[in-house]
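Open your viewer and keep the selection tool at hand. This tour takes you from one stop to the next and tells you what is there.

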Amino acid sequence: MVLRSWLIILSFFILTAAVPQQAHQADGPEELLWFLVVSDSHVGPGLIGGSQDTDYLQWATTTLVDTVQPAFVVNCGDLTDGTGGGLFPTGPKDEEWSSYRAILDDNGMTADIYYDVPGNHDQYSDLGVPHYLGYSIQGEAHGTSTYHWTAEHGGWKYLFVGVDTAGSDGAPWPADNAGLDGADFEALYAALDAEPDADIIAMFGHHPATSNYFGEGLGEFRDVFDDHLVSAYLYGHSHDYSIKWESDTMQFNIRSLGKSPNLQVGLIAFDGLGLSAKAFDVDDWPQVLVTAPLNSDLGGNHPYDYMVDASAGPATIRAIAFHPDGVEDVIAVVDNGPS
């Protein structure tokens, strides 16, 4: 891959009001970690035709990854469509799964960079999700639909958990029995308990953790966020976009890569354990995300925003900026002042 990302560091004096936990203004970029999130690729022929599903997954696993150079990319489910070009999903289609996996393999997506979880379209009429386990990158790698991985970066340990919220009961459409049963929670707790020394935990699933989408185990699932201090839960399913905080967990809903007209890509960063996030359109460049200081308005009110002590000397504006052709210059303007 060709490096197309640039790190921009500018010094200035600033004071922002906040109450942090462990998030802090890091002196340099050593604690900066970023990754990408997409969802609902829906690979398979659509009722009205078109090739957004395969075109955008192709773009996401080539241009997007080559340009942003993320630590990893997550696909939050509905990997395939299951309709075979019909109006309703009727069950797994080998040709859809083969097409999905061929794009990933052809573009060098491996189990250490590409993380996929199942959605409801991936489990309709497929009891135990054998197609997900046989064709998806992580299903094949782990032999299970809930799994975890870690990253150690800048002196901190990150735990990431992919959660199967799709039920895996093989019910036919339209029964979307989203939720977690006893076996699902056992797998989730095993993943969390495997890394008790993690400093940051983020989780990925397909369904919003709300009563209008989530069924069995919703209360216990939401308790996990608080009990384990989960920083973020990232998901898809609704083909909508939103960022909000539930207690101290960022709930990040990304739109459909395969079917939505815009905001199909999520860019997430941790800098000094502080969380930053944005969504953008496929092939919309350049992209810039300021990671320090934190955006106090993220999701309405960032609970991990922190105070920058101006008396300690110049602080840093740190941002990650991307364009497929590279980035030559970035200008920062503070409070509508001079650049």
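**Stop 1: a lysine and its partner**

Select lysine 157: its relative accessible area is 12%, so it is buried. Buried means under 20% relative accessible area, exposed means over 50%, and partly exposed is in between (1.4 Å probe, protein chains only). You are looking at a predicted model, in which local features need pLDDT of at least 70, side-chain atom pairs count only at pLDDT 80 or more, and totals for chains, interfaces and linings use all residues. Residues are numbered from 1 along each chain as its sequence is written, and side-chain values use heavy atoms, with hydrogens and water left out.

A salt bridge here is a side-chain nitrogen of Lys or Arg within 4 Å of a carboxyl oxygen of Asp or Glu. Aspartate 197 lies in the loop between helix 5 (182-193) and strand 7 (200-204), and lysine 157 in strand 6 (residues 156-162), so the pair ties together parts that are 40 residues apart in sequence. Helices (H or I, at least four residues) and strands (E, at least two) are DSSP runs, numbered from the N terminus. Aspartate 197 is partly exposed, at 48% relative accessibility.

**Stop 2**

How many salt bridges does a search of the whole structure find? It finds eight. Select arginine 101, which is buried at 15% relative accessible area. Its side chain meets that of glutamate 140 in a salt bridge (2.8 Å, N to O). Arginine 101 lies in helix 2 and glutamate 140 in helix 4 (residues 137-142), so this pair ties together parts 39 residues apart in sequence. Glutamate 140 is partly exposed, at 47%.

Next, select aspartate 105. Its side chain also forms a salt bridge with arginine 101 (2.9 Å, N to O). Both lie in helix 2 (residues 94-106), four residues apart, about one turn of the helix. Aspartate 105 is partly exposed, at 43% relative accessibility.

**Stop 3: the core**

Which residues have the most contacts inside the largest nonpolar core? They are Leu64, Tyr114, Phe160, Phe204, Met250, Phe252 and Leu267, in a core of 70 residues. Strand 2 (residues 32-38) gives the most to this core, with seven residues. A nonpolar core is a set of buried Ala, Val, Leu, Ile, Met, Phe, Trp, Tyr and Cys residues joined through side-chain atoms within 4.5 Å.

Zoom in on phenylalanine 160. Leaving aside neighbours within four places in sequence, its contacts (heavy atoms within 4.5 Å) include Leu33, Phe72, Trp149 and Phe204.

**Stop 4: paired rings**

Show the rings of Phe, Tyr and Trp (its six-membered ring): they pair if their centres lie within 6.5 Å, with planes under 30 degrees apart counted as stacked, over 60 as edge-to-face and the rest as tilted. The count comes to 29 aromatic pairs. Select tyrosine 115 and tryptophan 149, a stacked pair at 3.7 Å centre to centre, with 10° between the planes. Tyrosine 115 is in strand 4 (residues 114-116) and tryptophan 149 in strand 5 (residues 147-153), 34 residues apart. Both are buried.

Move to tyrosine 241 and phenylalanine 252. Their ring centres are 6.0 Å apart and their planes at 75°, so this pair is edge-to-face.
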